[in-house]
Number of protein chains: 2
Amino acid sequence: MDARRRQILDAARRCFVRNGFHATSMQDLLAEARLSAGAVYRYFSGKEAIIGAIASEALAEVAEAFAERDGERPPGLDDIVDLVLRGEGPSLAASRESAGLLVQIWAEALRSPSLAARLQEVVDEVRVLISGMVARHQEQGRLSSDVPPERVADALIALVDGFVVRRAVYGDADPEAFRDGLRALMGASHHRRT
Amino acid sequence: MDARRRQILDAARRCFVRNGFHATSMQDLLAEARLSAGAVYRYFSGKEAIIGAIASEALAEVAEAFAERDGERPPGLDDIVDLVLRGEGPSLAASRESAGLLVQIWAEALRSPSLAARLQEVVDEVRVLISGMVARHQEQGRLSSDVPPERVADALIALVDGFVVRRAVYGDADPEAFRDGLRALMGASHHRRT
DNA sequence: TGGCGCGGAAGGAACGCTCGTTCTACGTTG
DNA sequence: CAACGTAGAACGAGCGTTCCTTCCGCGCCA
């Protein structure tokens with residue numbers, strides 16, 4: 001039953017968001033899923049597998065959020081950030097929960113090579129997409145061309161990651177205000193859009 | 001004996017950097033410190049206390065790294081980032097270890113109100129300092145003044161945080177390359193300094 | 001001065017508990 | 001009735017912590 005798997009993963013996600021990967025016990029998870037140990041272990045080989053599945057799903061969401069914006073030509077580079085952040089629905093780092101999950105995944109990746117690899121994969125993918133956007137801006141002369149687009153992409157990714165941190169850790173973060181600051185930073189003369 | 005306390009904290013830091021807060025057991029820590037349980041529990045009330053002490057130290061380093069740059073007038077706003085990142089010695093996020101520790105602190109702050117409070121404190125402090133730098137730039141007309149300096153500061157902090165994530169998680173990150181990307185992003189016409 | 005005894009610091013075995021996991025018996029369904 | 005998926009008790013391991021013991025250095029008194 002695929003629904004059972006989903007039920008377990010949903011419960012796991014709630015637990016992990018609430019308490020972190022290592023601080024949630026299997027029994028917390030079982031209680032949240034309203035399932036017994038036997039039931040859960042039929043679908044997952046263990047805790048590690050569940051963590052892996054949750055992380056994989058979250059990273060897939062991230063990759064998807066970026067991918068579905070590919071090809072769009074944002075009016076300004078500063079819009080790239082909320083282009084992604086604004087993804088409709090509960091996607092990516094739109095919610096504080098997802099942002100928190102992402103932070104936990106980063107921390108977990110520090111000690112799990114397999115997770116680190118998966119993370120690297122997603123980042124590389126995103127980097128290519130963003131670099132493409134940057135390159136297109138450079139062709140249009142909106143951006144100096146004497147810097148490889150990848151470097152600019154890295155700065156943009158750092159911006160997004162930094163925003164994720166803010167969302168997750170320092171409480172809510174207003175994308176609108178953030179973009180204002182960003183826009184000023186970029187020395188753009190255009191003012192905030194109404 | 002203060003040296004004992006240091007010995008324990010140093011060992012704990014090494015362990016936490018290697019395995020994360022929750023994945024290092026007390027016995028790992030005891031072995032690393034070459035001390036017995038009785039000895040350690042004389043200086044700390046428990047694991048939580050040790051985590052708290054380590055986190056506090058790390059955050060103090062961050063605050064200090066920003067504070068000691070206060071009053072400086074960086075040539076460009078893009079320099080603010082590596083102004084901090086470059087702190088001489090093994091400070092702040094200069095090392096990958098410190099960056100990793102910071103990521104773990106973020107993750108931990110998601111479930112520890114006291115740590116979150118301490119974090120908030122440090123961030124607020126930093127925000128004030130950066131806002132001051134930004135305001136000075138605005139006064140000089142190097143930056144449009146129609147955005148509150150705090151918002152620009154938030155963007156800069158996100159940048160730094162994003163760089164920390166990159167350092168810690170995605171492997172090494174070259175501050176030089178990062179600043180190039182940033183400079184291009186900011187639409188500045190000045191090219192990389194030799 | 002020499003021996004004794006005291007106090008604080010460290011050692012490490014042991015504790016109770018909770019962890020992740022396994023296993024067997026039961027209920028349900030086709 | 002056979003087959004499957006679930007429940008939940010049970011298990012060993014390992015956790016964080018406690019506590020009793022040992023060790024060591026210094027001062028006190030005969």
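**The surface near the DNA**

In this predicted model, at least two residues of the surface near DNA strand D are supplied by each of α3 (37–43) of chain A, α2 (26–33) of chain B and α3 (37–43) of chain B, where helices are DSSP runs of H or I with at least four residues, numbered from the N terminus. The largest share of that surface, 5 residues, comes from α3(A). Of the 17 residues around DNA strand D, those that come nearest are A:Arg4, A:Ser36, A:Arg42, B:Met26 and B:Tyr41, a residue being near if one of its heavy atoms lies within 4 Å of the strand.

Several contacts reach the phosphates. A side-chain N or O atom of A:Arg4 is 2.7 Å from a phosphate oxygen of DNA strand D, while A:Ser36 places a backbone N or O atom 3.0 Å from a phosphate oxygen of DNA strand D.

**Two helices of chain A**

The axes of α1 (residues 2–19) and α2 (residues 26–33) of chain A come within 9 Å and cross at roughly 125°, the axes being lines fitted to C-alpha atoms over the stretch in contact, with angles from 0 to 180 degrees between N-to-C directions.

Residues are numbered from 1 along each chain as its sequence is written, and chains are lettered from A and ligands numbered from 1 in the order in which they are written. Local features need pLDDT of at least 70, side-chain atom pairs count only at pLDDT 80 or more, and totals for chains, interfaces and linings use all residues, while side-chain values use heavy atoms, leaving out hydrogens and water.

Terms used: Polar contact = N/O pair within 3.5 Å; in protein donor to acceptor, adjacent residues only side chain to side chain.
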